Structures are given as structure tokens and as C-alpha cells.
Amino acid sequence: MGKLRAPSSCLLSCLLVLFLSSVSAVTDDPQDSQVYIVYMGSLPSRADYTPMSNHMSILQEVTGESSIEGRLVRSYKRSFNGFAARLTASELERVAEMEGVVSVFPNKMLQLQTTASWDFMGLKQGTRTKRNPTVESDTIIGVIDSGITPESESFSGKGFGPPPTKWKGVCSGGENFTCNNKLIGARDYTSEGARDTEGHGTHTASTAAGNAVADTSFFGIGNGTVRGGVPASRIAAYKVCIPTGCSSEALMSAFDDAIADGVDIITISIGGKKASMFENDPIAIGAFHAMAKGILTVTAAGNSGPNVSTTSAVAPWMFTVAASTTNRAFVTKVVLGNNKTLVGKSVNAFDMKGKMYSLVYGKSAASSACNAETAELCKPGCLKESLVKGKILVCGSPGGLKVVESVGAIAIIYKSPKPDVAFVHPLPASGLPEQEFESLVSYIESEDSPQAAILKTEAIFNRTSPLVGSFSSRGPNTIAMDILKPDITAPGVEILAAFSPDGELSEYDNRHVKYAVLSGTSMACPHVAGVAAYVKTFYPKWSPSMIQSAIMTTAWPVNATGTGIASTEFAYGSGHVDPIASLNPGLVYELNKTDHIAFLCSMNYTSSVLKIISGETITCSEEKEYQARNLNYPSMSAQLSGTDNSFTVTFNRTVTNVGTPNSTYNSKVVPGHGSKLSVEVTPSVLSFKTVNEKQSFTVTVTGRDVDSELPSSANLIWSDGKHNVRSPIVVYTDAY
């Protein structure tokens, strides 16, 4: 899912039926082949096993060809086993039946999810923030994205020592691509080189871990120092995306390499339009293997909000991030001829030099080819150039951006469907919220004179609370209904960070810059990756679940744009990330690979599907009762049947003391959204004698008549007077 621009747990046999159902005729013509991923699970431990030879042998047997040149696309041989190859429908059938093959699925194209923000969160520059520089310098963040710009100052190796000794990667970025002691590795899976030609990967990498670069701005807007959350850490870039998308075979290969290369954190701002079953999701599979090796994968929630059930990254072993505002916003004011000022949004880097220009409403400039209603939206071919040229065009939708330059307008004002986000445009522009736009229309249609305006952009500060962006994907979780997603929210609206000079700001804007302002959950994701790396620098031995728990349970409470379900925990999860507080959580909820497998058993996955996800042969115990809601997750969520007028739900949890010995925590429940919940915590007091001691408790939630349009929620807080360990509790019906 790109940066924002203006506008059945099925058996293997079932999977194959699904994949083959679209093939109209079985043929062995290689011209009819397509790329499939042949997943073979974990790597065998035999010393004589060589993955590449095995993969080539399988392909030769399946195709009947001695030479497989042009057939083998990718070989996974470092962190898990398998390969990607071009196969015909009949070859697909044969390979799926071969011994050692766990699953076969088609290569899919996913999309990219696309600084005052660190100061806003309290992570100040230099000595104003507690740092562990030696460990931070040994921390490696793997960025799976559209590549990186190695010449950017954000990735300069000046002042860095040699790469950490644990680093096992390479610099294989292609022609005219050089790594350094900051950007220590690069791999390309697109055949285009690891250089970023879009800007997305450069932006996310610099947000997570870029150097501090002073006096940067976007054409003078947002001037200041741009930096990442852990500027002393190292970066490894894995390019899997090109303008048409990010292939799943490349994603699998990137995970395979990143895990074996020795990265500490993976940030990946990529996903589909909606959640996929775990066994069909290359990111979920790759992230599972990363989790098993002690690597936290941070993912973007998606940009399909505020519609419900649109979060695409929903596996509990992935840390899913929503996008929200900071205390800085870019506005473009429209000053009218009658001195009235309307406030809209855009990152407008153009100076109109104090001159007012006449306004022309689209429907007043309709060509003979369109009626007034269509011209009001400024659709292509609907405006008469002679009536628009040299004026400020006013449009009822952002569609006018497609035609504004071609009809000779000097600027554009439009009604914005996302008035909480400022977009970059190739000419003076302002996107007005509906009420402001209607005021503008009234002014244009009145007899007042002169009917003219000027556009002025400025940065404003002091927003009282972070607001979740309207575009940010919402829950509930459509795959694991009792796991709350997204997990957390972080700055993702109007983020200034490094950009590729080879990239273009939009399809209508071919300016080339080194730093740009972008919005999207893609921008929020690397903020949390940076915080996770920051926490890991102080606690290098903490597991991924401990780091995630520390960040979730210390988050700020937030608000969300919109009403109903879109403005609840389904928008922001546990709240807004707080980097400083996450260093001292007091208690954490721990999870390991075995816990996640038990969770998968609770979803009634078969051994075949479990092997697809984990790469291992696993059999769920028939004697043990599994419940997904009892996964030791830092948040608690339960979906109810729509027929349940009254209900009782229990959650079993265990916390580990990472604070101080001889500490006592008391429980407190704070009401949240929706109808009132009765929450009982047993025991209500937890006493710890030692650090790393574990204590278990049960949360029993009762209530009745849950609103089908709004989840009911509360917050459980464990407090010892110093630490406040907060977990949201969300109960909702299956009506969503």
C-alpha cells in the first residue's frame, strides 16, 4: 500500500483447487506458465543437504527439462526452504504432490503502504534523550521496501565504525551502488538494482534510523533537523518493490535473507487491500520465521480507512501500526477578496507573491461536452479553457487535479474527501473540508466583488491530541477475531523524511527532491520500528513479544477521526506509542513460538496448514482446549455472537516482572466506549518478590446488549505507584 497520494483455514488440496480453478485448460506449453512459490518449510538439518541442488532437481523432474534456465526465479535457502519458479498448470499439480513440498501458492503483487515527529513523541535529539550508543551502533534494522538512496545524507557512513561482527549480509545493490558503515547492506529482488526510484523505501528507512541532518525542508516548508528514531543504528535495505507492486516471491526471499543476515528488527510497510489467511500471506509466513529467530517484524496496518475490517496485517506475531497526527500540521489558507479566510490542507510550496487571482467554479466553465454537474467536479474534457486560464479553479472533488494544468489554471481549490491530510501538489492548491468549501461556493455565487483569492501555506502547532488519520485502516480483525488489530498508532500524517531524487512526488508532479512530506501507515510503521530498536538497545536479550508488550502497555490514550466503530480501539489499538515510557514498562506479556502454535491450533488449523505457516510438522492435541483469546497478548478482545443478549467472557493472562523486586501491583478498570462492562480481575493484586518472576490472573467480563454499531471497551491498569501497565479490553458483536 503506497504512501497516500492525492487522491478458511483450507487444506493443501483445497488450496490447489482454488489456484487451479482459474486455469481453463491444462497445458504443458511453457508460454502459459506463471510464477508460483513452492514452500518446503524449515531447512533440513542434514549436513549433506544443499537446497539449490534439491530445488533444481525438483524442477528438472517436474518439467522434464535438463536445463531450467528461465524457470527458477528464486531459491530460499537461508532461513527456510523453498523456491519460486515458472510453472504450467500441470507442472503445478505435479510439484504439489512431491515429497517435501508443504504448499504451492501463486506469486502475488502487494502494494507499498505509504521530523518533528520524534520530538513530538519525546525522543529528543542528542543528549536530551537517554541513549545506549554502543548497543545502538550494533543494532541493525532491515527495511523491506522499494530500495534506498545510498548517497542521501540520512545514510552517510561518516563517523561510524565497521559493521557489527554479527552482520552476515552483503552489499549487492547493483551498478553505481555503494554501501558504507551506516548503510551496511543491500539486496535486490527486482532485477533493477537496490537503488530507490520511487522514494518510499528511502523515506521509511530514514524515518526509522536515518542520521540527523540539519536544515532540511520541503521547499522551505517544515525546516529543521530530520532524523530517525535510532540514528546511531545500521540499516540493511531489501528491495522487493517496483512501481507496479511488490511480488510475494521477492518478499519471501527478502525475509529469508534478512533473518540469516542478522538484522534485529524488520520494518515492512507493504500489504494487500485486505487481510489474507495466514497460510496465503507471505508476510505472515516470513514474520513467523523471524519471530522464531528472535526478530520483531513491524508492519503497516494499511490505508483503506475509515472503512471497518480493512487492517491487512493481523497475525499476532506481527506488530501492526496505524497512522496518526503529530502536533504539527500543514495548512493552506484561502484568503478571499472580502478578507474572509478559509482553512484547507496541502503542502503548498508555491509563492503567489501577494497577488489575488479570480476564482472560477467548474460548473461555470462547462464545455459543451458536459453538463454543469459534471463540470462542477472538473472532469477531463468538461472545462472550457478560455474561461479558466489564469484563474484559480474551484472543483467539487480532487479530480480537478488531473486537468488543472492542461486548462491553464494558476491554482486549484477543491473539496477534499480526506480533509485531515495535506497532500503535495504540483501547483498552488488547497483541499477544503465540506463546510469550508460550501462557504467558498456561497462566496463565488454571491454578488460580492471582487471574487478573488490567494493561497498561503503555513505550519501550525499545538494540536491537543493525536488523531488517527481517516485513511488509516481499521479493525476488527477478520482472520483472528479475538486478536485486537491494529496494535498501536504512531505519527504517519505529513511526515518529512529523506526521499529519492529519482522518484516523483506523484503522477502529476515530476519535481525531484531529496526530502519530502508523505502520509500513510507506511510512515507510521518505521516510527514504531525505530522505537522497538530503541527499546532493544537497552534490553538486547528481550524477545520480540517483550518489546511489543512494553510499547503497547505504555501507550498514550488517543482519539480517532470519525464516529462509530471507526473512532474506537479498532482505529488505534492500545493507543499512541510513547518511546520513553516503553523503556520502563514494569510488567510485560511474554509469548514464544509454542504459544503462537497453540493460538493457531485454537483456529482449528490442520497439520498441513500449520506446516505452511511454521515450516514444521505439528499436531494439535485433541485433549487440550485452545482459545485464541487466551493467547498471552497485551490487549484483550472477544467477538460475540449477535444472538448473545447477555454474555460472560474470560481472558487468562500471565505477566513477567521486569521492573523492581518486592513490588505489588493493584488492578484498576477504567470504562471505555459503548455499553458498560462489568470487569472482575482475579486476583486483583499481584505481588512479585524478584525480577523476571511471573504471575497469572484471569479477567472476567460480563455485560448485555452490546451495540451492534459500536464495540464496548474498558482498560485494565496494573499499577505499583510508579508503573501503569494498561491493556484495552474490547468486546464486540459479529455484525461488523
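Is Cys 525 buried or exposed? Select Cys 525 to begin: its relative accessibility is 0%, so Cys 525 counts as buried. Here buried means under 20% relative accessible area, exposed means over 50%, and partly exposed is in between, with a 1.4 Å probe and protein chains only.

Before going on, note that this is a predicted model, in which local features need pLDDT of at least 70, side-chain atom pairs count only at pLDDT 80 or more, and totals for chains, interfaces and linings use all residues. Residues are numbered from 1 along each chain as its sequence is written, and side-chain values use heavy atoms, with hydrogens and water left out.

**Stop 1: the disulfides**

A search of the whole structure finds five disulfides. A disulfide is taken to be a pair of cysteine sulfur atoms within 2.5 Å. Helices (H or I, at least four residues) and strands (E, at least two) are DSSP runs, numbered from the N terminus.

Select Cys 171 and Cys 179, which are joined by a disulfide with an S to S distance of 2.1 Å. The torsion about their S-S bond is about 85°, so this disulfide is right-handed. Cys 171 has 37% relative accessibility and therefore counts as partly exposed, whereas Cys 179 is buried, with a relative accessible area of 16%.

Next select Cys 370 and Cys 382, a disulfide whose sulfur atoms are 2.0 Å apart. The torsion about the S-S bond is about -65° here, so the disulfide of Cys 370 and Cys 382 is left-handed. Cys 370 is in the loop between strand S20 (357-361) and helix H9 (372-376), and Cys 382 is in the loop between H9 and helix H10 (385-388), so the pair ties together parts that are 12 residues apart in sequence. Cys 382 is buried, with a relative accessible area of 2%.

Now select Cys 378 and Cys 395, joined by a disulfide with an S to S distance of 2.1 Å. Their link is left-handed, with -100° about the S-S bond. Cys 378 is in the loop between H9 and H10, while Cys 395 belongs to strand S21 (residues 392-395), so this pair ties together parts that are 17 residues apart in sequence. Cys 378 counts as buried at 0% relative accessibility, and Cys 395 counts as buried at 0%.

Return to Cys 525, which is in no disulfide; the nearest cysteine sulfur, that of Cys 241, is 12 Å away.

**Stop 2: Thr 202**

Select helix H6 (residues 200-209) and find Thr 202 in it. Thr 202 is buried, with a relative accessible area of 0%. What is Thr 202 in contact with, leaving aside its neighbours within four places in sequence? Contact means heavy atoms within 4.5 Å. The partners of Thr 202 are Gly 147, Ile 148, Thr 149, Phe 155, Asp 196, Ala 498, Phe 499 and Ser 500.

**Stop 3: strand S38**

Select residues 724-733, which form strand S38. Nine of its 10 residues are buried, so S38 is largely enclosed by the rest of the structure.

Two strands pair if DSSP finds at least two bridges between them. Ala 638 stands opposite Val 731 in S38.
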